[in-house]
Amino acid sequence: MTMLRMASRTDCSDKEAAIIRISAILLAFLFAAFFIALLGHNPLSVYSSMIEGAFGTVYRIKETIIKAIPLIITSLGISLAFKLKFWNIGAEGQIMMGAIGATFCALTLKDVPPYILLPLMGAGSIICGGIWGAIPAFFRAKFKTNETIFTLMMNYISLKFLTYLQYGPWKDPEALGFPKIQGFAQNAILPTLFGIHIGWIISLILIVIMYSFINHTKIGYEINVVGESENTARYAGINVKAIIIYTIFLSGGLCGLAGMIEVSGVDKTLSVEITHGVGYTAIITSWLSSLRAPVIAIVCILFAALVQSGTFIQMAFQIPQSAAQILQGMILFFVLGSEFFIRYKLSYIRKKKVEEL
């Protein structure tokens with residue numbers, strides 16, 4: 001008789017981890033090929049169309065990058081919280097609150113020049129998103145509350161607040177009764193560079209800043225220490241409560257900035273659909289990138305390409321949206337599953353050894 005034993009794995013090198021992840025991706029496409037064949041399509045044709053749909057033309061490349069921008073910024077914010085072992089599931093709400101802060105500036109400061117208004121919108125989004133993140137951080141630091149449930153519930157509060165604004169005080173009186181918020185004036189819209197709003201430049205700058213902040217600053221070191229062990233941090237003289245609140249304020253602020261970029265660079269207005277599920281998707285992308293800022297950019301672009309290509313094959317092959325989502329989910333499932341084999345190892349134990357244990 002044998003038993004299956006699971007143990008934590010600490011000896012997995014970067015090379016072995018890369019091999020496991022690549023193998024998982026290949027297996028994902030292999031299993032997805034069977035699903036595609038059941039739908040009556042040639043898997044190779046579908047896969048080549050997915051690449052074409054994400055990178056086949058200049059327009060599609062731009063669309064992929066536009067989808068990746070908020071995902072990158074939100075993932076940076078979530079990864080900051082995760083390094084602290086603070087499970088921030090409230091990025092959706094923080095994005096909404098950041099978008100609300102930016103929209104408030106856009107609607108009330110219509111005559112302000114863009115070089116003043118846009119920074120104010122960015123600051124407003126960071127402050128609103130940061131405060132929305134700092135609230136559960138305060139309760140976690142002060143009363144040891146469960147931040148997972150707290151941040152998740154705050155998503156619903158922000159959604160209802162945004163709905164109230166859209167259907168109430170901020171409802172456009174010229175929309176003939178339709179519940180929409182007035183579109184932004186030109187001075188509140190992000191300028192473009194190479195046909196894409198400058199959010200892509202902001203995201204690149206943030207990647208460099210976050211990498212330097214975590215790896216080359218005193219506060220970054222303290223965040224890592226608190227994340228490893230709060231007791232060790234206290235013994236070292238670190239103010240744990242202050243680090244938790246400060247870090248999650250930054251985490252929420254980054255997510256809020258993603259909201260500002262979406263309303264100013266993409267939608268040109270605010271609505272309840274502003275997040276497009278980015279807050280939840282960023283949890284996956286930040287985890288897959290092992291919370292490392294440079295890797296986050298690569299993972300988010302690939303994930304955005306997967307979403308963009310899924311939309312393309314729906315039209316090219318008349319595949320239902322649900323089938324395209326199953327295909328995306330299948331690939332994601334294998335990639336996430338590979339993390340298990342990187343972090344844990346399975347071994348068989350013979351009966352005699354089981355009795356000894």
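The model is predicted, so local features need pLDDT of at least 70 and side-chain atom pairs count only at pLDDT 80 or more, while totals for chains, interfaces and linings use all residues. Residues are numbered from 1 along each chain as its sequence is written, and side-chain values use heavy atoms, with hydrogens and water left out.

Let us begin with charged pairs. A salt bridge here is a side-chain nitrogen of Lys or Arg within 4 Å of a carboxyl oxygen of Asp or Glu, and the count comes to seven. In one of them, glutamate 230 pairs with arginine 140, with the closest N and O atoms 2.9 Å apart. Glutamate 230 lies in helix α9 (residues 230-235) and arginine 140 in helix α5 (residues 114-143), so this pair ties together parts that are 90 residues apart in sequence. Helices (H or I, at least four residues) and strands (E, at least two) are DSSP runs, numbered from the N terminus. Salt bridges that share partners join Arg140, Lys144, Glu147, Glu230 and Arg234 into one network.

Buried means under 20% relative accessible area, exposed means over 50%, and partly exposed is in between (1.4 Å probe, protein chains only). Another salt bridge links glutamate 52 to arginine 60, with 3.5 Å between the closest N and O atoms; glutamate 52 is partly exposed at 39%.

Isoleucine 207 lies in helix α7 (residues 199-216) and is buried, with a relative accessible area of 9%. Leaving aside neighbours within four places in sequence, isoleucine 207 is in contact (heavy atoms within 4.5 Å) with Ile72, Leu76, Ala293, Pro294 and Ala297. Isoleucine 131, found in helix α5, is partly exposed, with a relative accessible area of 45%.

Helix α8 (residues 218-228) has its own set of buried residues: Gly220, Glu222, Ile223, Val225, Val226 and Gly227. Their cover includes α3 (58-83), α7, α9 and α10 (240-267).

Now for the open space. A pocket is found on a 1 Å grid over the protein atoms alone, as an open set of points where a 1.4 Å probe fits, with protein on both sides within 12 Å along at least five of seven lines; lining residues have an atom within 4 Å of a point. The largest pocket holds about 1,200 Å³ of space, a volume being the space filled by probe spheres set on the points, which are joined across faces, edges and corners. Of the 38 residues that line this pocket, the closest to its centre are Arg21, Ile25, Leu288, Val299 and Val335. Helix α12 gives the most to the lining, with eight residues.

Finally, look at the backbone of two loops. Most residues other than glycine have a negative phi. Phenylalanine 194, although not a glycine, has a positive phi of about 60°; this residue is in the loop between β2 (192-193) and β3 (196-197) and is exposed at 65% relative accessibility. Lysine 268 is not a glycine either, and has a positive phi of about 65°. Lysine 268 is found in the loop between α10 and α11 and counts as partly exposed at 30%.
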